[in-house]
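Here's a quick briefing to read alongside the model. Have a look at the structure first, then we'll go from one residue out to the whole chain.

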Amino acid sequence: MRLRVVAGGPAALKVLAAAGAATAPVQIVWGGPLERPLAPLSPPWVPALELDSGTVLFSPNAICQFFFLTRGEEPTDLTNQWLEWEATELQPAAAAALYAQLVHGKKGLEAVEVLGKLLAHIEQNLYRRGTAYLAGDTKSVADVVVWSTLFPVLQDETSLPSELQALRTWFQSMTLSEACRKAADSVLMPKALLEFKSYLQKQPPPCLAMERVTSNEPEEEEGSERALTEEEITAAADAWARGAVALPKPWQPQKPVLPVEGMRNVLITSALPYVNNVPHLGNIIGCVLSADTFARYCRLRNWNTLYVCGTDEYGTATETKAVEEGLTPQEICDKYNAIHTDIYRWFNISFDYFGRTTTPCQTTIAQDIFQRLLARGFLLQDTVEQLQCEACQRFLADRFVEGTCPFCSYEEARGDQCDKCGKLINAVELKNPQCKLCRGVPVVKPTQHLFLDLPKLEKQLEPWLEQSWATGDWTANARYITRSWIRDGLKPRCITRDLKWGTPVPLDGFRDKVFYVWFDAPIGYLSITANYTDQWEKWWKNPQQVELYNFMAKDNVPFHSVIFPCSLLGADDNYTLVNHLIATEYLNYENGKFSKSRGVGVFGDMAKDTGIPADIWRFYLLYLRPEGQDSAFSWSDLMIKNNSELLNNLGNFINRAGMFVCKFFGGIVPNMVLTLDDKRLLARVTLELRQYHQLLEKVRIRDALRCILSISRHGNQYIQVNEPWKRIKGDEKDRQRAGSVTGVAVNMASLLAVMLQPYMPSVSSAIQGQLCIPSDCFVLSHDFTCTLPPGHRVGTVSPLFQKLENEQIEALRKRFGGGQPDDLAVEPQAKQTPPTPVTLVTPGDPQLIQELSEEVAKQGNYVRQLKANKAEKAQIDTEVAKLLELKRQLALAEGKNPEVPMPKGKQKK
């Protein structure tokens with residue numbers, strides 16, 4: 001095969017580095033920038049790989065993948081994710097940075113500014129995984145592709161921020177590798193770079209279309225800056241003049257809420273939270289808060305909406321928790337269901353019904369679906385070898401087994417997956433397995449189980465998926481994860497477990513078993529609805545009239561997009577299947593992960609004790625909702641957003657608008673004589689309102705929030721320019737102008753109260769009360785109308801938000817940072833200079849053991865990485881101290897002697 005490349009272009013670097021790294025048997029043919037490209041309409045710098053069969057590959061990433069395939073390296077889900085991320089997000093930004101360097105002459109950090117969040121994304125993944133490379137401990141096609149895109153921009157390593165230590169280490173390692181070094185020497189020659197620069201100078205600057213989607217920061221809408229047409233201005237003024245009578249009447253559904261023929265019937269579910277885990281902020285934004293925001297929006301649109309959720313209560317973890325706390329599984333479920341209920345009530349989650357899975361309805365519906373699958377030949381029987389702990393007298397679920405990975409020999413691999421190499425594992429394949437509960441050695445025993453025949457159901461699943469993707473709104477990650485599951489063909493999946501706590505299997509020979517939680521749990525949506533109304537089938541067996549939205553974090557996607565739909569398709573009972581699958585990425589805490597047992601991060605039962613109102617939490621979580629990529633909660637950022645966006649922007653505008661009515665016009669909305677500038681403002685607000693609708697209809701909740709803040713910014717600017725506090729003191733014309741400005745502003749505040757309701761319901765209600773907005777106006781249309789006409793009397797206006805002080809925030813950061821509280825310290829000497837904050841641990845807590853084991857593994861990998869790259873001794877010593885402290889905490893949790901010797905030279909195992 002022959003590879004045609006042109007020196008100077010970044011794509012050439014990519015394919016040559018891949019050819020070298022994969023030792024591909026390829027003939028290199030150097031072309032010139034003036035030669036006609038092999039690919040029609042493509043730039044001259046695009047490489048082409050001509051295979052022996054005559055087929056030609058033009059995509060640089062496809063060429064790189066082909067080289068690695070030729071040496072037998074199949075792509076993993078992780079490498080595919082990196083390649084997709086590089087193509088859609090990193091490549092456009094790197095192209096813009098390279099353009100800035102070569103064409104505009106920018107240097108250093110200024111040139112790579114556009115890459116900031118993308119570099120942080122790589123840093124975060126390398127650090128969290130604790131691996132030397134992007135997809136594991138060995139170099140993959142993902143490393144070559146990402147490095148090749150970055151290297152032309154980052155040849156001068158001083159451009160890399162010094163705090164991105166893991167990224168710097170990885171980048172240096174790749175740059176020093178023989179394949180990458182040779183590729184760079186042959187491609188990035190001075191003469192070739194000049195030719196490439198000359199080519200770039202004739203091209204328009206790269207446009208970063210994706211920047212706003214992946215950013216946590218607000219961006220100005222392009223539409224808000226463009227010139228308005230006369231038609232838009234006239235239409236906005238006409239809509240304003242029609243007033244509140246033009247609004248549709250708010251829909252008040254009967255109870256229980258049931259589908260109504262001729263209406264848009266929206267059924268919303270959020271992933272059922274597992275009962276014995278207290279939800280943290282990431283859980284809350286990933287599922288219930290996102291679904292609640294959308295449900296509230298749907299109701300404001302007069303869509304007939306039902307929102308159900310509940311606690312998922314069956315399974316191994318519940319049994320284990322019951323043993324730990326000396327309670328029965330049902331008592332554990334009762335206790336934690338009440339905790340969940342209280343948390344969601346405080347966060348003002350507007351469930352129509354919040355239930356649970358431990359009900360007779362769950363048993364009836366799950367067993368009916370099972371019987372229908374059995375009768376239609378979609379279930380298989382097979383013997384499975386499982387690990388059984390004889391000391392605990394139980395078969396062990398995957399999460400309660402650990403041992404040595406059979407692939408990479410990592411000694412603390414879990415029974416389902418190795419955290420070091422990332423490979424999926426069957427628990428019986430582990431070397432030296434241990435029960436994580438008692439540290440005993442389990443034995444392998446055969447047991448009969450039932451399987452859902454997914455290969456047989458695949459013929460029904462794939463056309464349904466194509467139809468759902470074509471007509472519904474599935475997030476990009478949901479589509480990608482689903483495709484990765486079905487790409488290589490589905491395999492039978494076990495639906496039974498050797499447990500006592502669960503829905504019983506109604507089949508002879510299996511009556512001592514229960515349904516596996518991921519067969520059983522999604523059926524909870526149906527049974528919870530059945531506990532809400534005995535007419536539940538009008539929602540769940542009515543796909544012709546009902547639109548189903550599922551909300552979840554991305555780790556739950558396969559169960560909702562493949563397994564549960566297969567169960568319902570196989571049952572063949574006209575079930576309502578998901579139309580819109582909305583999955584978030586992950587929300588992290590500051591620079592790490594949430595951990596209840598280690599006191600890191602804010603959990604739902606703690607938020608109300610911070611003194612920060614629920615609506616502020618709602619606003620901030622929705623503001624940084626991880627829609628396109630992972631985001632991170634930050635105390636400093638929370639303070640900034642509260643003080644700038646809420647206090648100084650939104651709250652300031654609404655308070656001023658109301659106060660002007662009270663102070664200058666006796667609490668009565670004045671007459672308004674609109675000027676052309678006023679009408680332009682109405683048109684601007686209308687554009688923002690319609691953008692808000694477009695985004696929320698696509699469930700882009702975070703981006704729609706920006707439209708609210710943009711309207712209030714327009715309002716503040718409008719008040720500042722027109723200065724009604726000065727005009728009210730002038731002549732009749734000035735006083736009339738002050739009245740018009742005040743009237744328009746207070747109506748903008750009225751609109752904001754309605755738009756804000758899905759995000760901050762209590763604040764919305766407060767604005768409604770202060771401005772005495774009629775309840776009939778609490779409905780959303782696509783037009784900005786005058787809902788508070790001249791003569792309308794407002795109430796008492798008061799500030800909506802309070803400033804968050806730095807001292808308050810620092811105290812909260814310390815409190816939730818995982819350190820030992822001062823009042824729990826014992827001996828003064830023990831408190832003097834610990835290497836890292838001390839965390840109180842409870843021996844025997846399996847959740848804590850698992851979390852600490854993962855942290856030890858990651859920190860150990862990081863230390864080894866530092867040593868391999870010959871980092872400075874002071875840095876290595878600091879990280880070793882952290883590792884020793886984590887090992888001490890793990891030893892305490894396992895009930896072992898926590899004394900860990902301080903390092904003296906090289907330690908022997």
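Let's start with Asn542: setting aside neighbours within four places in sequence, Asn542 is in contact with Pro259, Glu537, Asn574 and Thr576. Keep in mind that this is a predicted model.

**Around Asn542**
- Asn542 sits in the loop that runs between helix H21 (537-540) and strand S17 (546-553).
- Its relative accessibility is 11%, and the cut-off for buried is under 20%, so Asn542 counts as buried.
- The Asn542 side chain also reaches back to the backbone oxygen of Lys538, at 3.1 Å.

**H13 against H24**
- Helix H13 (residues 281-300) packs with helix H24 (residues 614-623) at an angle of about 95°, and their axes are 10 Å apart.
- Angles of 65 to 115 degrees count as roughly perpendicular, so that's the label for H13 and H24.
- On the H13 side, the residues involved are Leu281, Ile284, Ile285, Leu289, Asp292, Thr293 and Arg296.
- H24 meets them with Trp617, Arg618, Leu621 and Leu622.
- Sorted by class, this H13 contact with H24 has seven nonpolar, one polar and three charged residues.

**The whole chain**
- The protein chain has 33 helices and 20 strands.
- Of its 909 residues, 56% are buried.
- Take the contacts in the protein chain with a separation of 6 or more: 77% of them are between residues 24 or more positions apart.
- The protein chain's accessible surface is about 39400 Å², with 52% of that belonging to carbon and sulfur atoms.

Conventions: Residues numbered from 1 in each chain as written. Predicted model: local features only at pLDDT ≥ 70, side-chain atom pairs only at ≥ 80, totals over all residues. Heavy atoms only, no water. Axes fitted to C-alpha atoms, helices over the stretch in contact; angles between N-to-C directions. Helix = DSSP H or I, 4+ residues; strand = E, 2+ residues; numbered from the N terminus. Parallel < 35°, antiparallel > 145°, perpendicular 65-115°, else oblique. Contact = heavy atoms within 4.5 Å. Nonpolar A, V, L, I, M, F, W, Y, C, P; charged D, E, K, R; others polar. Buried < 20%, exposed > 50% of the residue type's maximum accessible area, 1.4 Å probe, protein only. Areas by Shrake-Rupley, 256 points an atom, 1.4 Å probe, with all protein chains shown as cover. Polar contact = N/O pair within 3.5 Å; in protein donor to acceptor, adjacent residues only side chain to side chain.
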